[in-house]
Structures are given as structure tokens and as C-alpha cells.
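Student: Could you show me how to read a pocket and a helix pair in a model like this one?

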Amino acid sequence: MPDTKPRWERRKDARPQELLAAALDLFVERGYAATRLDDVAARAGVSKGTLYLYFANKEELFKAMIRENMLPVLGEAESAIEHFEGHSAILFREIVLGWWERIGNTPLSGITKLMMAESSNFPEVARFYHDEVISRANAMVASMLERGMQRGEFRRVDPEQVTQIVVAPMLMLMMSKHSFAFCRQGKPLSVQAYLDSFIDVMLNGLVIPAPAGNA
């Protein structure tokens with residue numbers, strides 16, 4: 001159905017999303033400390049007073065931006081793991097490639113650099129991000145490992161420790177993208193080759209080899 005609201009009403013309805021999109025761009029470009037609410041409002045095309053109608057301060061704006069953009073992606077991944085019916089190796093690959101498509105290959109990947117660089121200066125923001133994103137993402141990866149072990153498709157490992165091993169190369173790829181990509185002039189990193197190699201190494205360390213003759 002066409003939107004028949006007057007233009008000013010449609011604009012008002014869209015303002016929170018416009019502000020969150022502007023906030024994401026500026027947080028990634030400038031970091032948390034250097035991002036000013038005046039600049040977020042200007043990027044979104046509204047006054048600073050309008051921004052305060054929706055968000056009380058920068059911390060609340062940052063939290064809303066994470067909840068709007070990051071948490072739905074985690075929810076989709078959790079649902080995919082819960083309802084997947086195939087081999088856990090296929091699931092592992094789909095989760096890794098889906099992560100790159102939905103987070104690593106978007107501006108959201110810059111939040112990793114921001115948090116690593118500034119978390120010690122903003123402990124409340126760091127605690128929020130840890131509790132709502134990091135802990136939940138780790139639990140999701142651990143559940144995928146547990147699934148594989150319970151089905152006899154992955155060998156027995158310590159899921160808590162292996163989760164950290166799974167996550168680390170993904171974080172490193174995002175950090176490299178936002179920190180050192182410009183240094184690789186003439187020889188850019190092939191993300192697909194990186195992810196294929198990562199998946200290959202992980203699965204060859206996890207999957208129980210099929211008995212001879214059952215390949």
C-alpha cells in the first residue's frame with residue numbers, strides 16, 4: 001500500500017532511524033569520544049534539539065544504535081542454529097559467511113575497532129557492549145559447537161575455549177579492514193580466501209573423519 005501520510009509526518013516517523021544511521025556512520029568514522037551529538041543531528045538533517053527528543057545523551061544513542069543494528073543479526077543467527085537440520089560443518093560455514101555479509105562487510109564492522117580502542121575510557125559503554133553483544137555472540141558460537149558434538153559431527157572440545165579461537169580471526173579481519181587495509185596497496189586482502197581458509201582450518205580440527213568407505 002502506498003504511504004499516504006503527509007511528507008512531514010513520514011519524515012517524523014523516520015527520524016529515529018535516520019539518527020541511528022547517522023550515528024553509526026560517525027561512530028565508525030570518528031570513534032566514540034570524538035563523535036558529537038551536534039554532528040549526528042547535522043548528518044541526519046535535524047536540529048540537536050530534535051535529537052534530544054529521541055535520545056537523552058550520546059551513551060543512549062550508542063546503545064540504541066547497537067540494539068537497532070547488531071542485535072537483530074545475532075537473533076537471526078541464533079534462530080538459524082536452532083532450526084538447522086543439516087551437518088554442523090555446513091552450519092558452521094553458513095554462520096561464518098553470514099556474519100561477514102551482515103556485519104563484517106558493513107559499517108557495523110567498525111564498531112569492533114571502536115570498542116577495542118575506547119572501552120577502557122568508557123566502562124559503562126564497554127559493559128553494555130559486552131553484555132548485549134559479546135556474551136551473546138560467544139554463547140551462540142558455543143551452542144553451535146555443542147550441537148556438532150552432540151550429533152557426533154564434531155569431536156569433543158572445550159566449547160568455551162574453542163569459541164575464543166573461532167571468534168579471534170573474525171575480529172582480526174574486521175580490525176585489519178578498518179586499520180591497515182590502506183597499507184596493502186596493490187595487494188588487497190581477499191576476504192573470501194581468508195574466510196575459506198579459516199573455515200577449512202577450523203573444520204579440519206573439529207570434524208570427526210568419516211569411516212573409510214562412507215565418504
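Student: Which helices each supply at least two residues of the lining of the largest pocket?

Tutor: Keep in mind that this is a predicted model. To read a lining, go helix by helix. Here α5, α6 (88-104), α7 (110-118), α8 and α9 (159-179) each supply at least two residues. The most comes from α8, which gives ten residues.

Student: How much space lies in the largest pocket, and which residues are closest to its centre?

Tutor: The pocket holds about 720 Å³ of space. Its lining has 33 residues, and the closest to the centre are Leu-74, Trp-99, Ile-103, Ala-137 and Leu-171. By class, the lining divides into 24 nonpolar, six polar and three charged residues.

Student: Now the helix pair. At what angle do the axes of α5 and α8 cross?

Tutor: The axes of α5 (residues 71-83) and α8 (residues 123-150) cross at roughly 15 degrees and come within 10 Å. Angles under 35 degrees count as roughly parallel, so α5 is roughly parallel to α8. The crossing of α5 past α8 is left-handed.

Student: Which residues make the contact?

Tutor: From α5 they are Leu-71, Leu-74, Gly-75, Ala-77, Glu-78 and Ile-81. From α8 they are Glu-132, Val-133, Arg-136, Ala-137, Met-140, Ser-143, Met-144 and Arg-147. This contact of α5 with α8 has eight nonpolar, two polar and four charged residues.

Key. Residues are numbered from 1 along each chain as its sequence is written. This is a predicted model: local features need pLDDT of at least 70, side-chain atom pairs count only at pLDDT 80 or more; totals for chains, interfaces and linings use all residues. Side-chain values use heavy atoms; hydrogens and water are left out. Axes are lines fitted to C-alpha atoms, for helices over the stretch in contact, and angles run from 0 to 180 degrees between N-to-C directions. Helices (H or I, at least four residues) and strands (E, at least two) are DSSP runs, numbered from the N terminus. Angles under 35 degrees count as roughly parallel, over 145 as roughly antiparallel, 65 to 115 as roughly perpendicular and the rest as oblique. A crossing is left-handed if the near helix is turned anticlockwise from the far one by less than a right angle, and right-handed if clockwise. Contact means heavy atoms within 4.5 Å. Ala, Val, Leu, Ile, Met, Phe, Trp, Tyr, Cys and Pro count as nonpolar, Asp, Glu, Lys and Arg as charged, and the others, Gly among them, as polar. On a 1 Å grid over the protein atoms alone, a cavity is a set of points where a 1.4 Å probe fits but cannot get out, and a pocket is an open set with protein on both sides within 12 Å along at least five of seven lines; lining residues have an atom within 4 Å of a point. Grid points are joined across faces, edges and corners, and a volume is the space filled by probe spheres set on the points.
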